[in-house]
Every structure is written in C-alpha cells, then in structure tokens.
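I will write down each thing as I look it up.

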Amino acid sequence: MPASLRELRQRRRSVQTTKKITRAMELIAASRIVKAQQAASESLPYTRELNRAVAAVASFSGYDHPLTHEEEHPTRAAVLVVTSDRGLAGAYSTNAIKLGDRLVQTLRDEGKEVLTFITGRKGIAYAQFRNRPVAGSWAGFSDKPTHQQSDEVADALIEAFLKPTSEGGVDEIHVVYTRFESMLVQEPRVRRVLPLRVVREAVTPDPEAKGPLPLYQFEPDAETVLNSLLPLYVRNRIHFYLMQAAASELASKQKAMKSATDNAESLIQKLTRDANQARQSQITQEITEIVGGASALAEGNDEE
Amino acid sequence: MAETFWVEIVAADRRVWEGDAISVVARTTEGDIGVLARHEPMIAPLIPSTSEITTPDGRREIVVVDGGFLSVTPTRVALISPSAQLAHEISLAEAEAELRTAQKALEAGDTTEENHRHFQRASAQVKAVHLIA
C-alpha cells in the first residue's frame, strides 16, 4: 500500500474524467451509426435500379466496353485502401491496412506493378511513415462520405484505368474496405472494381425483379447507354464501399469506446477501494499513535 | 380517363417522388421523349434537364434531373439520376446565381463538358421554378 491517500484520490478523479470522455464518444458513435445506416438504406433504390439497368444492357449487347475489358496479361494494378481519419476505433484501420498490404504482396508475386490509393488520414500516415509512394489520397470524410467526395475518388480511379498502361494507367483496380456485417462484426474485404464483372444477380436482393428482364430498347443504342451508365455504376460502387467503411468505422469506434469505458469503471472501483483502505489504515495508525503516546505519558507519571 | 402507370424518381441518396401518372416527358440525349402507359421497355440516358410528370388528377410534377437515365419496364417507369430535385425544392435565387456563374464561365471560353453540364443544370433549375410559378 505505497501510494498516499491524496495520490489515489487524484488518480481516481483523472480516470473519472477519462471515463466521461470515452462514454461521450461511445454515445456519439452509436447515434451516428443509425444515421449511416439510414443513409445506406436510402441509397438502396438507386443502387438497385442502376444494377438492373447495367445488367440489362450488358446481357443484351455483346459490346466490349473499355470499363469491362479484361486485359489478357495485366501488368499494372491499383489498390484503394479505405481507412479512417481518426484513431480510437480499435483495430479498424490496422486491419484494413494489413489486408491491403497482403493484397499488394500477392499482386506483386503475380508480377504486377502496384499503385496505391488511400482514403483516410490513418492510411496516409502509415504510408508516409514508411516512405511508400502513394498515387492518390483523400481524407476528411471517412465517417460521412458525400457523393461529391466519393465521385472524386471514383473519377480518379476511372481515369487511371482508362489511361493506356504504358502512360501510367492500370489494368485492374481493387478496393480494400471494411464490410459492415453487424454492430458486432466488421470484416475487411477485397473487391475488384475494374474491369467490371457485370453480374445479373444484383448485389442487393430485389423483391420486384421477378422473372427475366424485359426486352429493352436502347435509345439511341446499347453502346451509348452503356457509356453513360458504367461511370455512374462505378461511382455508385465506390460510394457503397465508402459508406460501408464509414458504418464499420463508427461501429468499431463504439466498441472500442465501450470497452474503454468499462475498463475505466473497473479501474475507478479498484482505486476507490485502495483509497478507502489507505484512509482506514491512516486512521488506525493515528489511533495507535495516540494510545501509544498516552500510555507512555501515563507510565512517565507513575515513575515520578 | 387515360390509362395510368407507376412512376418513380430515384436520386442517389433518396427516392424523390413516386406515384401514378398519365404521362412522363423527359429529355434524353436524343431529344425530348414522351412516355404513356404501355410504352415498350426502354433505357435511355438523360441530360441535365427538367422532366414533367402529369398525374391522374391533372397536376404537373416538375423535376430537375442531373443526367442519369430513364428506364421503362412493363410495370413502371423510373427516372434514375445521381441528383434530382422537385421544382418546389429549388431556390430560385440560388439557381439564378448558379446560372450566371456557369454563363460567365462559358463566355470566358470554358467549354469543358463539366461546365456545359453545370450550365444545363442551372438553366433547367431556373426553368423548373418558372414553370410552377
């Protein structure tokens, strides 16, 4: 019991203040997840329509669009890693960065040159600290991506993809993002965005899309329609990934802050007990001293 | 009574409008197109413009779309655009300011596609506000 009573009380107060902060951050994260989920569900109809339309055009025309064109021997690849702007979210950014590093390694092993794109300050700081070249980076919107911001990212990726490989373009683009499975589970994932693999089954289950797609007419022709649809589709995918990542970030933050609050609570309990013990032993000691002093005085009087 | 069909206007972040309609007029890259009930299934890209929807009670819904596309299926018609606004959601002052900026840029020789779209969007917004006024 080395610490003095005063020190123990001081430490308890400081832990209590920290607990208030982590508790506030936990609540903020929780309320923002609700908003993030709402935004995600409101953008669902658009995603659904876009997926259907792209699937329709792609399956009715055999047209080979640049965005869907698969290079036979890809030599250059780009990786977009989605991380957070701020820390205090547990292992959220670290997990995404680790998966990104693994992906880059795999691509290099396949003999491809890899360009890295990063969103989120954590990822940028990671690359800067290790002196790694970054082809493009964005920050400041990791917990609330708007369309304008995600379009900027998507357009940069499309541009890199459409450039010929010899001029610094890439043959394929991968995205590493953290998928929001539930409030408790968020999992980093790799998705290839470009070249597009158009799947007839939309990513989101569509209750209205029963039966085969109708025989669409394309006005003026399938190629023009596809030209205007695919960039929208890529932008939408990127926005979807960024939104998933934002929800995951907030959920991780909430989880991290919850355990910080819990830890602070148990620490406060321990410090309170220690302080009580110190106070009691101080009192005991004082009583012993008084009793001891009094009997010493009494003995002295007897001898006189 | 004219035959009606279901119309949805979907923007990237929300469903802007949905309901029964008698006709839809939208501007595709090929020009204005009018859709009535039982139109053949079709997909066409839109340019930034005002679209008009006539509802069964005779009202007109004016909506400004920023590109996107028109999708006609046997069951419904959808206007899908990265951003769409109903006319009464638009502020005239803001739209006119936008239009002036875009016009100035055009006159200054900025003929990029982006600025052209900006101009189209702003003039569509101004037009939409005047249409409901």
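**Entry 1: where the chains meet**

I began with the contact between the chains: 22 residues of chain B are in contact with 23 residues of chain A. Here, two residues are in contact if their C-beta atoms, placed from the backbone, lie within 7 Å.

Before going on, I noted that this is a predicted model, in which local features need pLDDT of at least 70, side-chain atom pairs count only at pLDDT 80 or more, and totals for chains, interfaces and linings use all residues. Residues are numbered from 1 along each chain as its sequence is written, while chains are lettered from A and ligands numbered from 1 in the order in which they are written.

Next I asked which elements give two or more residues to the side of chain B that touches chain A. I found β1 (5–11), β5 (42–45), β8 (69–72) and β9 (76–81) of chain B. I looked up the naming too: helices (H or I, at least four residues) and strands (E, at least two) are DSSP runs, numbered from the N terminus. The largest share of this side, 4 residues, comes from β5(B).

I then sorted this side of chain B by class and got 13 nonpolar, 4 polar and 5 charged residues. Ala, Val, Leu, Ile, Met, Phe, Trp, Tyr, Cys and Pro count as nonpolar, Asp, Glu, Lys and Arg as charged, and the others, Gly among them, as polar.

**Entry 2: a sheet with strands from both chains**

I followed β5(B) across to chain A. Strand β6 (residues 217–218) of chain A runs parallel to β5(B), joined by 2 bridges. Two strands pair if DSSP finds at least two bridges between them. I picked out one bridge: F218(A) has I43(B) as its partner in β5(B).

What is the strand order of the open sheet of 6 strands? I read it as β6(A)-β5(B)-β8(B)-β9(B)-β1(B)-β2(B), with mixed pairing. At the edges I found β6 of chain A and β2 (15–21) of chain B, and each pairs on one side only.

I checked the β2(B) end. β1(B) and β2(B) pair in the antiparallel sense over 6 bridges. V10(B) stands opposite R15(B) in β2(B).

**Entry 3: a hairpin in chain B**

I looked at β3(B) and β4(B) next. A hairpin joins them through 2 residues. The strands, β3 (residues 23–28) and β4 (residues 31–35) of chain B, run antiparallel with 5 bridges. I found V24(B) opposite V35(B) in β4(B).

**Entry 4: two domains in chain B**

Chain B is divided into domain 1 (5–87) and domain 2 (89–132). These bounds come from an automatic or database domain assignment. I read 21 Å between the C-alpha centres of the two domains of chain B. Across the boundary, 10 residues of domain 1 of chain B are in contact with 12 residues of domain 2 of chain B. On the domain 1 side, β6 (49–54), β7 (60–65) and β10 (84–86) of chain B each give two or more residues. That side has 6 nonpolar, 3 polar and 1 charged.

Then I turned to the helices. The axes of α1 (residues 92–107) and α2 (residues 113–132) of chain B come within 8 Å and cross at roughly 145°. Axes are lines fitted to C-alpha atoms, for helices over the stretch in contact, and angles run from 0 to 180 degrees between N-to-C directions. The residues in this contact include L92(B) and L99(B) of α1(B), and F119(B) and V126(B) of α2(B). By class, I noted 10 nonpolar, 5 polar and 2 charged residues.

**Entry 5: the sheet in chain A**

I moved to the open sheet of 5 strands in chain A, whose order is β3-β2-β1-β4-β5, with mixed pairing. Why is one side of β3 (136–138) and of β5 (186–194) of chain A left without a neighbour in the sheet? These strands stand at the edges, each with a single partner strand, so one side of each has no neighbour there. The twist averages 20° from one strand to the next.

Inside this sheet, I found β1 (residues 76–82) and β2 (residues 113–119) of chain A running parallel, joined by 7 bridges. A77(A) has V114(A) as its bridge partner in β2(A). Helix α4 (residues 121–129) of chain A lies across β1, β2 and β3 of chain A, at about 135° to β2(A).

**Entry 6: confidence**

Last, I looked up the scores. pLDDT is the predictor's confidence in each residue, from 0 to 100. Chain A averages 86, and 92% of its residues score at least 70. Over residues 201–207 of chain A the pLDDT is below 50. Where pLDDT is low, the predicted coordinates should not be read in detail. Chain B averages 85, with 99% of its residues at 70 or above. The model scores ipTM 0.81 and pTM 0.83.
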